[in-house]
Amino acid sequence: MAAAGRGAAPGARVGTGGETEGGGSMGNGSGTAVVTGASSGIGAEYAARLAGRGWDVVLVARRADRLEDLALRLRGETGAAVETLAADLAVPGDLSRVVERAAARDVGFLLNNAGINGYGPFADLDPPLMARVLDVNVVALTTLTRAVVPGMLERGRGAVVNVASLLAFAGSLPPGPLPQRAVYAGTKGYVVAFTRTLAAELAGGPLRVQVLCPGLTATEFHLSTGAEPVPGREPSVHREGGMPVDEVVDASLSALDTGEVVCVPGLRDGGPIEGLVAAELTLRTAARLRRS
Ligand SMILES: NC(=O)c1ccc[n+]([C@@H]2O[C@H](COP(=O)([O-])OP(=O)(O)OC[C@H]3O[C@@H](n4cnc5c(N)ncnc54)[C@H](OP(=O)(O)O)[C@@H]3O)[C@@H](O)[C@H]2O)c1
């Protein structure tokens with residue numbers, strides 16, 4: 001089991017059918033990377049890092065001005081071909097445009113990073129906001145993964161990184177009061193289960209599949225519930241602190257290089273993930289024993 005942490009081996013491998021093979025360093029590019037949620041935070045940093053590693057990049061988010069600023073900077077700094085695709089992933093017509101671009105033959109990397117929180121007490125949650133959280137965090141992520149995987153398999157190369165959250169594991173844990181987050185944590189639980197199960201299905205094949213599970217990260221994330229973008233052309237950072245985005249991206253890229261499926265930035269060894277897998281095996285065995 002590989003170690004996990006912010007240092008040399010920052011991911012955590014899931015041991016049962018969870019490794020993906022891939023070839024070489026999928027963080028280093030030849031081809032195009034599609035990055036959703038590229039107008040700020042983790043997505044903007046990840047896009048910059050991929051452009052620096054030789055990928056051409058398609059930047060996707062709602063705020064076109066932010067995307068244009070980043071594209072201009074990355075073209076100048078890296079020489080990469082950078083496209084912008086302004087789209088609201090909760091709007092079916094917009095999602096279709098992104099799906100069409102992502103399914104093109106040149107795409108070898110998909111970062112499903114766009115996400116919103118919709119925080120608030122469940123009983124008071126605005127139904128349209130709740131639907132938006134599900135559409136962005138679950139439907140768009142799954143639809144885009146489905147758009148890229150067949151072509152990547154055919155071409156024998158590709159990587160998909162889906163951004164979840166530690167709240168997939170810790171959403172119900174004390175201490176309180178933390179933001180009310182049942183739907184958000186539920187969507188991130190989906191991202192973890194979906195990605196791990198897909199990775200198991202594709203294990204031994206040419207693709208790298210990873211679920212990135214950051215803890216609190218220093219971004220704009222807590223400045224909006226996600227119904228509307230955070231205003232302003234300059235990216236900002238919430239006041240809660242958290243891990244710098246470059247460390248989150250470092251962890252993900254290192255885990256990609258080693259083919260680790262579950263990446264928890266900051267986790268110093270793989271023990272907790274091994275324990276999680278062991279608990280899952282125990283639960284599955286218990287259900288089988290009861291049937292026999
Ligand atoms: N920050 C944290 O503490 C933390 C912790 C764990 C996991 N995460 C996850 O990390 C991912 C990135 O978040 P972040 O922390 O970098 O926050 P962020 O700075 O708020 O970035 C979120 C990105 O998603 C985009 N986005 C939101 N709604 C969208 C929509 N309807 N269509 C297209 N793009 C949309 C935003 O762009 P526009 O507004 O321009 O559309 C923005 O680029 C999310 O999936 C989040 O759940 C964050």
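This is a predicted model: local features need pLDDT of at least 70, side-chain atom pairs count only at pLDDT 80 or more; totals for chains, interfaces and linings use all residues.
Residue numbers run from 1 along each chain, as its sequence is written.

Back to Thr217. You'll find Thr217 in the loop between β6 (207-212) and α7 (245-258). Helices here are DSSP runs of H or I with at least four residues, strands are runs of E with at least two, and both are numbered from the N terminus. Which residues does Thr217 touch, leaving aside its neighbours within four places in sequence? Those are Ile42, Gly242, Met243, Val245 and Val248. Contact means that the C-beta atoms of two residues, placed from the backbone, lie within 7 Å. There's also His238, 21 residues from Thr217 in sequence, with 9.1 Å between their C-alpha atoms.

Now the whole protein. It has 8 helices and 7 strands, and 46% of its 292 residues count as buried. If you take contacts between residues at least 6 apart in sequence, 73% of them join residues at least 24 apart.

Next, the core. In soluble globular proteins, nonpolar side chains tend to be buried together. A nonpolar core, as used here, is a set of buried Ala, Val, Leu, Ile, Met, Phe, Trp, Tyr and Cys residues joined through C-beta atoms within 7 Å. The largest one in this model has 80 residues, and Val35, Ala47, Val57, Leu59 and Val60 have the most contacts inside it. Helix α4 (residues 127-155) supplies the largest share of this core, 9 residues. Take Val60: setting aside neighbours within four places in sequence, its contacts are Val34, Val35, Thr36, Ala38, Leu85, Ala87 and Val98.

How many of the 12 residues of α1 are buried? The count is 11, so α1 is largely enclosed by the rest of the structure. Among them are Gly41, Ile42, Glu45 and Arg49. Just past α1, Gly54 has a positive phi of about 100°.

Then there's α2 (residues 64-78), with 15 residues: it should span 21 Å, and its end C-alpha atoms are 21 Å apart, which agrees. Its buried residues are Arg66, Leu67, Leu70, Ala71 and Leu74. Looking down the axis of α2, those buried residues fall within an arc of 130°, so they line one face of the helix. The arc is that of the directions from the helix axis to the C-beta atoms. Asp65, Leu72 and Gly76 are exposed on the other side of α2. The buried residues of α2 pack against α1, β2 (56-61) and β3 (82-86). After α2 comes Gly79, with a positive phi near 75°.

For α3 (residues 92-102), the buried residues are Leu95, Val98 and Ala102. They cover an arc of only 60° around the axis, which puts them on the same side of α3. Gly93 and Glu100 are exposed, on the face turned away from that buried side. Covering the buried residues of α3 are elements including β1 (32-36), β4 (107-112) and α4.

Last stop, the ligand. Which residues come nearest to the ligand? Of the 32 residues around it, they are Gly37, Gly41, Arg62, Gly115 and Pro229. Being near means that a residue's C-beta atom, placed from the backbone, lies within 6 Å of the molecule or strand in question. Helix α1 (residues 41-52) gives the most to this shell, with 3 residues. By class, the shell has 14 nonpolar, 13 polar and 5 charged residues. Nonpolar covers Ala, Val, Leu, Ile, Met, Phe, Trp, Tyr, Cys and Pro; charged covers Asp, Glu, Lys and Arg; the others, Gly among them, are polar.

Note on methods:
The expected span of a helix is 1.5 Å times one less than its number of residues. A residue is buried if 20 or more other C-beta atoms lie within 10 Å of its own, exposed if 12 or fewer, and partly exposed in between; C-beta atoms are placed from the backbone.
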